[in-house]
Amino acid sequence: MATTVRDVRLIALSLPDSTEKPAWGMPTFRVGGKIFAALADDDTSIGVKCPKEERAELIAAEPEKFFLRPGHDDNYAWIRVRLAAVQDAAELRSILTDSWRQAAPKRLVAAHPELTGGAG
(Lines give C-alpha, C1' and ligand atoms only; values in the text may rest on other atoms or scores of the structure.)
Protein backbone atom coordinates (compact mmCIF):
# COMPACT_ATOMS: atom_id res chain seq x y z
CA MET A 1 0.00 0.00 0.00
CA ALA A 2 1.43 3.38 -1.01
CA THR A 3 2.09 5.95 1.67
CA THR A 4 -0.06 9.06 1.63
CA VAL A 5 -0.02 12.70 2.68
CA ARG A 6 -2.03 11.63 5.71
CA ASP A 7 0.75 9.21 6.68
CA VAL A 8 3.33 11.98 6.32
CA ARG A 9 1.32 14.32 8.52
CA LEU A 10 0.64 11.70 11.22
CA ILE A 11 4.25 10.57 11.44
CA ALA A 12 5.83 14.02 11.17
CA LEU A 13 3.60 15.46 13.88
CA SER A 14 4.25 12.46 16.15
CA LEU A 15 7.93 13.44 16.41
CA PRO A 16 8.86 15.48 19.51
CA ASP A 17 8.13 19.22 19.36
CA SER A 18 7.08 19.02 15.69
CA THR A 19 4.65 21.51 14.22
CA GLU A 20 3.00 22.07 10.87
CA LYS A 21 3.16 25.46 9.21
CA PRO A 22 2.33 26.43 5.63
CA ALA A 23 5.11 27.91 3.50
CA TRP A 24 5.12 28.62 -0.24
CA GLY A 25 1.52 27.40 -0.28
CA MET A 26 2.48 23.93 0.96
CA PRO A 27 2.47 22.20 4.35
CA THR A 28 5.86 22.09 6.03
CA PHE A 29 6.85 20.30 9.20
CA ARG A 30 9.24 21.96 11.62
CA VAL A 31 11.21 21.35 14.77
CA GLY A 32 12.97 24.13 16.62
CA GLY A 33 11.75 26.52 13.92
CA LYS A 34 13.58 24.58 11.18
CA ILE A 35 11.84 22.73 8.37
CA PHE A 36 12.54 19.00 8.32
CA ALA A 37 9.90 17.98 5.76
CA ALA A 38 7.76 19.68 3.14
CA LEU A 39 4.97 18.27 1.02
CA ALA A 40 5.13 18.95 -2.71
CA ASP A 41 2.33 21.02 -4.19
CA ASP A 42 0.98 17.95 -6.00
CA ASP A 43 1.02 15.72 -2.86
CA THR A 44 3.07 13.02 -4.59
CA SER A 45 6.41 13.66 -2.89
CA ILE A 46 8.08 15.19 0.12
CA GLY A 47 11.31 17.06 0.56
CA VAL A 48 13.49 16.05 3.50
CA LYS A 49 16.88 17.02 4.85
CA CYS A 50 19.76 14.98 3.46
CA PRO A 51 23.49 15.75 3.52
CA LYS A 52 24.63 16.76 0.03
CA GLU A 53 27.35 14.11 0.05
CA GLU A 54 24.76 11.33 0.52
CA ARG A 55 22.25 12.36 -2.14
CA ALA A 56 23.94 10.88 -5.22
CA GLU A 57 24.29 7.47 -3.59
CA LEU A 58 20.63 7.39 -2.54
CA ILE A 59 19.44 8.46 -5.99
CA ALA A 60 21.70 5.91 -7.71
CA ALA A 61 20.49 3.12 -5.43
CA GLU A 62 16.77 3.93 -5.68
CA PRO A 63 16.04 6.39 -8.52
CA GLU A 64 12.35 5.51 -8.44
CA LYS A 65 12.20 6.77 -4.84
CA PHE A 66 14.75 9.58 -4.47
CA PHE A 67 15.32 12.58 -6.75
CA LEU A 68 16.33 16.22 -6.85
CA ARG A 69 14.32 19.04 -8.32
CA PRO A 70 16.80 20.56 -10.80
CA GLY A 71 17.65 24.17 -10.14
CA HIS A 72 16.00 24.13 -6.73
CA ASP A 73 17.71 21.47 -4.60
CA ASP A 74 21.23 21.90 -6.00
CA ASN A 75 22.49 24.19 -3.25
CA TYR A 76 20.57 22.79 -0.30
CA ALA A 77 20.94 19.69 1.87
CA TRP A 78 17.59 18.30 0.68
CA ILE A 79 16.33 15.36 -1.31
CA ARG A 80 12.87 14.53 -2.67
CA VAL A 81 11.06 11.28 -1.91
CA ARG A 82 8.26 9.90 -4.08
CA LEU A 83 5.52 8.75 -1.71
CA ALA A 84 4.33 6.00 -4.08
CA ALA A 85 7.79 4.39 -3.89
CA VAL A 86 7.99 4.33 -0.09
CA GLN A 87 7.43 0.73 1.01
CA ASP A 88 5.37 1.31 4.14
CA ALA A 89 4.80 3.48 7.19
CA ALA A 90 7.92 2.09 8.89
CA GLU A 91 10.14 3.25 6.02
CA LEU A 92 8.41 6.63 5.94
CA ARG A 93 8.93 6.97 9.72
CA SER A 94 12.63 6.18 9.24
CA ILE A 95 13.00 8.82 6.51
CA LEU A 96 11.14 11.49 8.49
CA THR A 97 12.94 10.67 11.75
CA ASP A 98 16.32 10.95 10.04
CA SER A 99 15.37 14.36 8.67
CA TRP A 100 13.97 15.43 12.07
CA ARG A 101 17.29 14.51 13.74
CA GLN A 102 19.18 16.71 11.27
CA ALA A 103 16.96 19.73 11.95
CA ALA A 104 16.22 19.35 15.67
CA PRO A 105 18.26 21.15 18.32
CA LYS A 106 20.99 18.87 19.72
CA ARG A 107 19.46 19.00 23.23
CA LEU A 108 16.14 17.73 21.85
CA VAL A 109 17.80 14.90 19.93
CA ALA A 110 19.76 13.98 23.09
CA ALA A 111 16.52 13.93 25.10
CA HIS A 112 15.07 11.28 22.73
CA PRO A 113 17.63 8.47 22.43
CA GLU A 114 14.91 6.22 21.01
CA LEU A 115 15.08 8.37 17.85
CA THR A 116 18.86 8.32 17.38
CA GLY A 117 19.17 4.92 15.74
CA GLY A 118 20.10 4.35 12.11
CA ALA A 119 17.89 5.40 9.23
CA GLY A 120 17.11 1.81 8.25
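Colleague: Why is Asp17 called exposed?

Modeller: Asp17 has a relative accessible area of 54%. Exposed means over 50%, buried under 20%, and partly exposed in between, with a 1.4 Å probe and protein chains only. Asp17 is therefore exposed. This is a predicted model, in which local features need pLDDT of at least 70, side-chain atom pairs count only at pLDDT 80 or more, and totals for chains, interfaces and linings use all residues. Residues are numbered from 1 along each chain as its sequence is written, and side-chain values use heavy atoms, with hydrogens and water left out.

Colleague: Where is Asp17 placed?

Modeller: Asp17 is in the loop between α1 and β1. Helices (H or I, at least four residues) and strands (E, at least two) are DSSP runs, numbered from the N terminus. Asp17 is not a glycine, yet its phi is positive, about 60 degrees.

Colleague: What makes Asp43 partly exposed?

Modeller: The relative accessibility of Asp43 is 42%, so Asp43 counts as partly exposed. Asp43 lies in the loop between β3 (34–39) and β4 (45–49). Its phi is near 60 degrees, a positive value in a residue other than glycine.

Colleague: Why does Val5 count as buried?

Modeller: Val5 has 17% relative accessibility and therefore counts as buried. Val5 belongs to helix α1 (residues 5–14).

Colleague: Which residues is Val5 in contact with, leaving aside its neighbours within four places in sequence?

Modeller: Val5 is in contact with Leu39, Asp43 and Leu83; contact means heavy atoms within 4.5 Å. The C-alpha atoms of Val5 and Leu39 are separated by 7.7 Å, though the two residues are 34 residues apart along the chain.

Colleague: What makes β1 and β2 a pair?

Modeller: Two strands pair if DSSP finds at least two bridges between them. Strand β1 (residues 18–23) and strand β2 (residues 26–31) have six bridges, in the antiparallel sense. Thr19 has Arg30 as its bridge partner in β2. The two strands form a hairpin with two residues between them, and Trp24 in the turn has a positive phi of about 55 degrees.

Colleague: How do you know that the chain agrees with a compact globule?

Modeller: The radius of gyration is taken over C-alpha atoms, and the globule rule is 2.2 Å times the number of residues to the power 0.38. With 120 residues, a compact globule would be near 14 Å; the chain has 13 Å, so the two agree. Of the 120 residues, 42% count as buried.

Colleague: How many helices and strands does the chain have?

Modeller: The chain has four helices and six strands, in the pattern α-β-β-β-β-α-β-β-α-α along the sequence.
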